[in-house]
Amino acid sequence: MPPRPPDAPGGEKTPDLTGVLQRTPRLLDRVRIALRTRHYSLRTEEAYAGWIRRFILFHDKRHPDTLGAPEVVAFLSYLATEGRVSASTQNQALSALLFLYRVILGRELEDLDATVRARAPRRLPVVLSRDQVRGVLAQLHGLNPVYGLMGLLLYGSGLRLMECLRLRVRDVDFARRQITLRNGKGGSDRAAILPRAAERPLRAHLERVRVLHQEDLARGMGCVRLPYALGRKYPSAERLLEWQWVFPATRFSRDPRSGAERRHHLHESALQRAVREAGLRASVAKRVSCHVLRHSFATHLLENGSDIRTVQELLGHRDVKTTMIYTHVLGSGPAGVASPADRL
């Protein structure tokens, strides 16, 4: 394969942007700089850069400035017909390209047909019964007690997967039985329930985290990535226990942005695999995932008579209509209507 020309629009997966402002940045470097300036997450940065790269390759490495709305429509149509991607994936690709043209290239795709934004199908959430949840959590604890504790928080607090992984020691308040979720989906903070069932195992787990952190400090490590510019404002904070991850990884890794070697939180794929395995071992005839535990949290709260507005706040939904979908798996949905066949 011939080497990539120096002015090609592609680049490494997570390029080192050191000194990029001292030269004319390549297109994807400009995209990454713009995303970081607007505080987009690393996951969004990787996704947008990936879609823009695929768009360029799809059109034979032509520069996007020479392309327009017809080429964008052709690419999205290819994803839908040949790639058979989901509606949400297609819409993410569209968002990446709109960001490219509006923010980076300073152009509006005026002739872009509004129909290229796919309409996501409305599906009912998968919900486990209480016995099924009990079985999954038991199997999860048998696989790994740390995964068992994380599963208990996913179900008992209604956390999203990444909200659980990104918990820091300072976010757990035993006195108020509360977990503070910072910079969640949509960039907002919210308070979540700390289940009584999780209090004792979580205290024991945090003691092990404290010991691990002390060992890391003794090895000259122990620094954690801090959000935004807190590292410059409080230089010593990165070594404090309160800022450490509640669920630290078992080994050190290199930060894709700063290049610093440090202990990150557990990777999401490890917990996802464990939850799926626990569902199989518990003989649950449903697709069991981390988000299914969150669905079950919301549904069981409503079954217990909790107000839907309260559930909305606990889940972090902006619109109560998003929370209303859980009523369709309760008695207020089809299950609450008697079939005429039962009266024959």
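Visitor: Which elements do the buried residues of helix 8 pack against?
Guide: They pack against helix 6 (145–157) and strand 1, where contact means heavy atoms within 4.5 Å. Helices (H or I, at least four residues) and strands (E, at least two) are DSSP runs, numbered from the N terminus. Please note that this is a predicted model: local features need pLDDT of at least 70, side-chain atom pairs count only at pLDDT 80 or more, and totals for chains, interfaces and linings use all residues. Residues are numbered from 1 along each chain as its sequence is written, and side-chain values use heavy atoms, with hydrogens and water left out.

Visitor: Which residues of helix 8 are buried?
Guide: Ala198, Leu202, His205, Leu206, Val209, His213 and Asp216 are buried in helix 8. Buried means under 20% relative accessible area, exposed over 50%, and partly exposed in between (1.4 Å probe, protein chains only).

Visitor: What does His213 touch?
Guide: Not counting residues up to four places away in sequence, His213 touches Gly222, Arg239, Leu240, Leu241 and Gln244. His213 has a relative accessibility of 4%.

Visitor: Where is the kink in helix 8 centred?
Guide: The kink, of about 30°, is centred on Leu202. The bend at a residue is the angle between axes fitted to the seven residues ending there and the seven starting there. Helix 8 (residues 196–218) has 23 residues and reaches 34 Å from its first C-alpha to its last, close to the 33 Å expected at 1.5 Å a residue. The expected span is 1.5 Å times one less than the number of residues.

Visitor: And what follows helix 8?
Guide: Gly220 follows helix 8, with a positive phi near 85°.

Visitor: Turning to helix 5, which residues are buried there?
Guide: Val133, Val136, Leu137 and Leu140 are buried in helix 5. They cover an arc of only 95° around the axis, so they lie on the same side of helix 5; the arc is that of the directions from the helix axis to the C-beta atoms. The face turned away from that buried side carries the exposed residues Asp131, Arg134 and Gly142.

Visitor: What do the buried residues of helix 5 pack against?
Guide: Their packing partners are helix 6, helix 10 (268–281) and helix 11 (290–303).

Visitor: On to the sheet: what is its strand order?
Guide: The order is 1-2-3, in an open sheet of three strands with antiparallel pairing. Strand 1 (172–173) and strand 3 (190–193) stand at the edges, each with a single partner strand, so one side of each has no neighbour in the sheet. Two strands pair if DSSP finds at least two bridges between them.

Visitor: How many bridges join strand 2 and strand 3?
Guide: Strand 2 (residues 178–181) pairs with strand 3 over four bridges. Ile179 has Ala192 of strand 3 as its bridge partner.

Visitor: Where is Arg177, and what is its phi?
Guide: Arg177 is in the loop between strand 1 and strand 2. Its phi is positive, about 50°, although Arg177 is not a glycine. Most residues other than glycine have a negative phi. At 29% relative accessibility, Arg177 is partly exposed.

Visitor: Is Asp60 buried or exposed?
Guide: Asp60 is exposed, at 67% relative accessibility. Asp60 lies in the loop between helix 2 (42–58) and helix 3 (69–81), and has a positive phi of about 60°.
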